[in-house]
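Hi,

Here is the structure I promised to pass on.

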Amino acid sequence: MSEAATWADYDNDGFLDLLVVNGRMGFNANFLYRNNGDGTFLRVTNVAPSSDLGTWHGAAWGDYDNDGFLDLFVANWGTTNALYHNNGNSNAWLKVKLRGTVSNRDAIGAKVRVKAIIGGVARWQMRQVSGGDGVIQNSILAHFGLGNAANVDLVRIEWPSGIVQELTNVAVRQLLTVQEKSRLVSTNRAGEFQLMGGKGARYCIEATTNFENWWCIAQLTNDQTTVPFSDPASADFSSRFYRALKQ
């Protein structure tokens, strides 16, 4: 009986592969399916994760030795668990670590998209930062296999707050750490900001002088992911503070 399934690009070719964990009764082999990149999968039977027998109950992928290739931990019911080291290959990779400021600290719910030329074709990939599903808890880092890509053309981060950040011409074979930007970016003129957020999202701009009483002074719809904001009353205060709340 199959207990769990988890996706990961274990060979870093740019296509997600599938591991199906089998257990509960008797001794079983797990199923490992390599993504052929054309909509089909090939079952791999000549490697330890799919040839070792056990009463397997769950699995998780994570790069424990930080070499850029996902290793595999498989839980075994009633006997020794298994940790498989990925020996890797020449394919490129990118790991993205997110740090939320407006969103939650670990950026749970964020989507990371990358665009790179792999095998002469421009390909998009997406990973969503997750706290896990059932018995599955993979690494919280967004991991991308990049095949023969020389660099990443675009990294796009869609934070749970609605903020969107983009980075261009990113080097491969690195751990990229990105901290969430503030929703309100100052233009260096009193009371003037750029609102950063999700396209089409609606925000309430609130202001305060004491951080206790906040007042909604404007409502903005972010049509193009950024929208300018100016507070005409800013000159009436010696100091005034602002925040943007998504509605």
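Below are my notes on pockets and salt bridges.

This is a predicted model, where local features need pLDDT of at least 70, side-chain atom pairs count only at pLDDT 80 or more, and totals for chains, interfaces and linings use all residues. Residues are numbered from 1 along each chain as its sequence is written, and side-chain values use heavy atoms, with hydrogens and water left out.

The largest pocket holds about 640 Å³ of space. (On a 1 Å grid over the protein atoms alone, a pocket is an open set of points where a 1.4 Å probe fits, with protein on both sides within 12 Å along at least five of seven lines; lining residues have an atom within 4 Å of a point. A volume is the space filled by probe spheres set on the points, which are joined across faces, edges and corners.) It has 25 lining residues, and Trp 7, Arg 127, Gln 128, Asn 138 and Ser 139 are the closest to its centre.

The second largest pocket has about 320 Å³ and 17 lining residues, with Tyr 10, Val 47, His 85, Asn 86 and Asn 87 nearest its centre.

As for salt bridges (a side-chain nitrogen of Lys or Arg within 4 Å of a carboxyl oxygen of Asp or Glu), the whole structure has nine. Arg 240 pairs with Asp 231 at 2.6 Å, N to O, and both residues are buried (under 20% relative accessible area, 1.4 Å probe, protein chains only).

Cheers

Notes:
Buried < 20%, exposed > 50% of the residue type's maximum accessible area, 1.4 Å probe, protein only.
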